[in-house]
Number of protein chains: 2
Amino acid sequence: MTESLKDAVRRAAALAIEHLESVERQPVRPKRDADSLRAALLLAPPARGCDVDELADRLASVMAATPVTISRRFFNQLFGGADPGAILGEMVVPVLNNSLYTFKVAGPHVLVEEALIRHMLPFAGFEGGDGAFTPGGSLSNFVAMLVARNEALPGTRERGLDGRVGVIYSSAEAHYSVRKAAGMLGMGRQNVRGVPVDARGGMRPDALAEAIRADRAEGRVPVMINATAGTTVRGAVDPIDAIADVAAAEGVWLHVDGAWGGSIVLSERHRGLLRGLHRADSFTWDAHKMMGVPLTCSVALFRKPDILRAHLSEVATYLFQADGDRLNPGTRSLQCGRRNDALKLWCGWQLHGDAGYARRIDALLDLARYAAEAVDADPELVLAEAPQTANVCFEVPGRSSAAICERLYDEGLAMVGTGEVCGRNTIRLVCVNPDQTTEDIDALLAAVKAVAASLPAEDDAA
Amino acid sequence: MTESLKDAVRRAAALAIEHLESVERQPVRPKRDADSLRAALLLAPPARGCDVDELADRLASVMAATPVTISRRFFNQLFGGADPGAILGEMVVPVLNNSLYTFKVAGPHVLVEEALIRHMLPFAGFEGGDGAFTPGGSLSNFVAMLVARNEALPGTRERGLDGRVGVIYSSAEAHYSVRKAAGMLGMGRQNVRGVPVDARGGMRPDALAEAIRADRAEGRVPVMINATAGTTVRGAVDPIDAIADVAAAEGVWLHVDGAWGGSIVLSERHRGLLRGLHRADSFTWDAHKMMGVPLTCSVALFRKPDILRAHLSEVATYLFQADGDRLNPGTRSLQCGRRNDALKLWCGWQLHGDAGYARRIDALLDLARYAAEAVDADPELVLAEAPQTANVCFEVPGRSSAAICERLYDEGLAMVGTGEVCGRNTIRLVCVNPDQTTEDIDALLAAVKAVAASLPAEDDAA
């Protein structure tokens, strides 16, 4: 048995290396439609199995057809690039295969999580607080909303919502996961207020206070304010400190969704963008975005010590048999069986240290500023706004941003997407891969212009 | 950059192989307490990073101290062993790093998921139904409960629960995730009925029908019946067909939690245990348990086509820009960014085929029967009951099961845990690793007896 496992490990390494080399040769894979892929690849699970040579061939075919996210031509999402430390850690996880619910079966990995959370809490100003790894930013926001709901509407966990209406306040440009979670939590999507934003995309504290008062006047219970640190399209950071004033005055839970921009707390130069974060009650921080850890690696942090257990623990004598709750993270998780998402982050942190991550954040934000200046200096391009973090939104006047992005991908030049800024559909360039250089930015902008020139003009391209 | 990534891949493979060899030499790692591990390992993320040699050393130290779950001496959880096909697939995931929300960035991996779900649905009798990968069985149960809640209490997603009380029916021996999810969904943990079980641990349909009628009489709304296919401790399968009669008569959503035993549908010999499954509305099936895929790999299946989107989709023009909802699984997921949990299962299925998985299930259930017969034939041991699936619960009369399990681990003989059966705390042996042989069972039972003999007698050892 061990021999076949060792063989599998060696084959995985060979395929991974072949993939890395192919990315260097071809940083954007040819675009393929679903039907052609279905026809070309043997996707259906078979009645009878194949041998491992054949499996490796089939897997190689799937890998060769996979859109490349780790190359310097990928600007499409809030993740990108590849980190050697994190990849080293992630690749050994399947042969370990520990479930992170108990110390008995996960041992030091429980302590790896503990060390990471303890180390991350002070960056949020939450020394001594609580925290948990979750499978992604949406579920980190969800667990924060769950705790906020139960705190604002006592008895909900045991008895249910019983007619009380709780309201969530989030900016009109916040991530959809907040509205989705309100639907999941039984609070109702329509009880999420889309608080108006200012010209820079930040939530308006005056409008927030007004919305809270209006709900209170009608008997609804304000449950949580969600401030965003790095909105999805514009990278805007809500004015957390001013929002914290409202939260304190109104006695409402303050959550900061830093799924995208939360990692900025690692940078001494830039952490002032999140001023007031230490006054929040909870904080979502995705390490799989600006920190370059493979998907997914998200942490929900809480200011109050040991708060998660009260909202999540269950009695399960067949599972939690030893070592006490503190060492059994299953008592403070949304999940029961849980994969090890922490080891990759731990490996990345060992390799880079706080200092390396700070340099990384600085480099990303510098690159975004470079891109914005290059756009702004170019008479053929229009910058939507100066970037606040790592998102650069711009247009080619008279040309459809969506058509440009599609053509860039069709021609194998780059993967990049669009986003709406102040009613205009812009090209959203995301600087999240520190291997990208100013030359990569120059090349992208040149490609955008060349592609745009080949497209028909539109009256109002937005 | 590519060179350092290739180096990381090679080091990961070397560490993984070293780990596999060490497991062969030492199938149970010496037990370590948390304080000694904290003192021995460099766990805290450092201010300054280290080089990759040092990182590999630190990682190796953590790996060496990690409890081994893949060896033939591990009987402690509902997972175990290691599968070459699945490990091959899982190890390449981090260098691909696609988020499974859109076809644009995940390409063929969306189709891999589609092919797997299409292939799995008929095993449940849900041809043409819907399905989604989730991060574990608890969240598969959660998403089924979410859909059932919204269907039974229309308007909940938009307006919230507004005073209506929904009730969930689950057996007294079902997994805790159902009660936990009721708390999360705003329905209240106390609105989960622990329906009494019969002597074999199966939910009593008569008691179920009575509980539903009692709730209806008091104005509460029955939302979902959760039948379990493979309870955590006893491996009991609720009488799904008889429960489906009640569900049909009462018009209540029927969910089958097959997180543990769901994979039995792969076996022609044993799938009769789940008779009536095709009448259910939803089904949780974890591939990371009986199918041996690394953690986590769970699927929630639904009988009704295209049902998930109505309960989970959100408008997000910055994300869902192309290819239509069908090809963008983010529109039917609890998550936004989502790691690729499907590729490992796909690789396992290519290697084993339906036929190989059927043989695997048969082997596991045969091994459990062997173990039960060996216990039953041994005058020093008492079998709690004949196993229904792959759990074998037994005692050494006059000795504490918990103390025996602890001593087995202390002495490096085996990892195994306890579970309560009919008020007795038994040793719960789980047969989930097909590499285990009858010799491994014999060795475990001999170790249990030797250890028990060294322990003091107790009046009532339970």
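**Note on the predicted two-chain model**

1. In chain A, taking contacts between residues at least 6 apart in sequence, 72% join residues at least 24 apart. The model is predicted.

2. Chain A has 15 helices and 11 strands. Of its 462 residues, 67% count as buried.

3. The C-alpha atoms of chain A occupy a box of roughly 65 × 60 × 45 Å along the principal axes. The radius of gyration of chain A is 23 Å, which agrees with the value near 23 Å that a compact globule of 462 residues would have.

4. Chain A is superposed on chain B by a rotation of 180° with 0.0 Å of shift along the axis, at an RMSD of 0.0 Å. This is the relation of a two-fold axis. Within chain A, the C-alpha nearest that axis belongs to A:Gly163, at 1.8 Å.

5. Of the interface residues of chain A, 100% are also interface residues in chain B, so the copies meet through the same surface.

6. Part of the pairing involves helix 1 (residues 2-25) of chain A and helix 1 (residues 2-25) of chain B, which pack at an angle of about 175° with their axes 10 Å apart. Since an angle over 145 degrees counts as roughly antiparallel, the two helices are therefore roughly antiparallel to each other. Residues making this contact include A:Leu5, A:Val9, A:Ala13, A:Ile17 and A:Leu20 from chain A, and B:Lys6, B:Arg10, B:Glu21 and B:Glu24 from chain B. By class, the residues of the contact of helix 1 of chain A with helix 1 of chain B divide into 12 nonpolar, 2 polar and 8 charged.

Notes:
Residues numbered from 1 in each chain as written. Chains lettered and ligands numbered in written order. Predicted model: local features only at pLDDT ≥ 70, side-chain atom pairs only at ≥ 80, totals over all residues. Heavy atoms only, no water. Least-squares fit on C-alpha atoms with pLDDT ≥ 70 in both. Contact = heavy atoms within 4.5 Å. Axes fitted to C-alpha atoms, helices over the stretch in contact; angles between N-to-C directions. Helix = DSSP H or I, 4+ residues; strand = E, 2+ residues; numbered from the N terminus. Parallel < 35°, antiparallel > 145°, perpendicular 65-115°, else oblique. Nonpolar A, V, L, I, M, F, W, Y, C, P; charged D, E, K, R; others polar. Rg over C-alpha atoms; globule rule 2.2 N^0.38 Å. Buried < 20%, exposed > 50% of the residue type's maximum accessible area, 1.4 Å probe, protein only.
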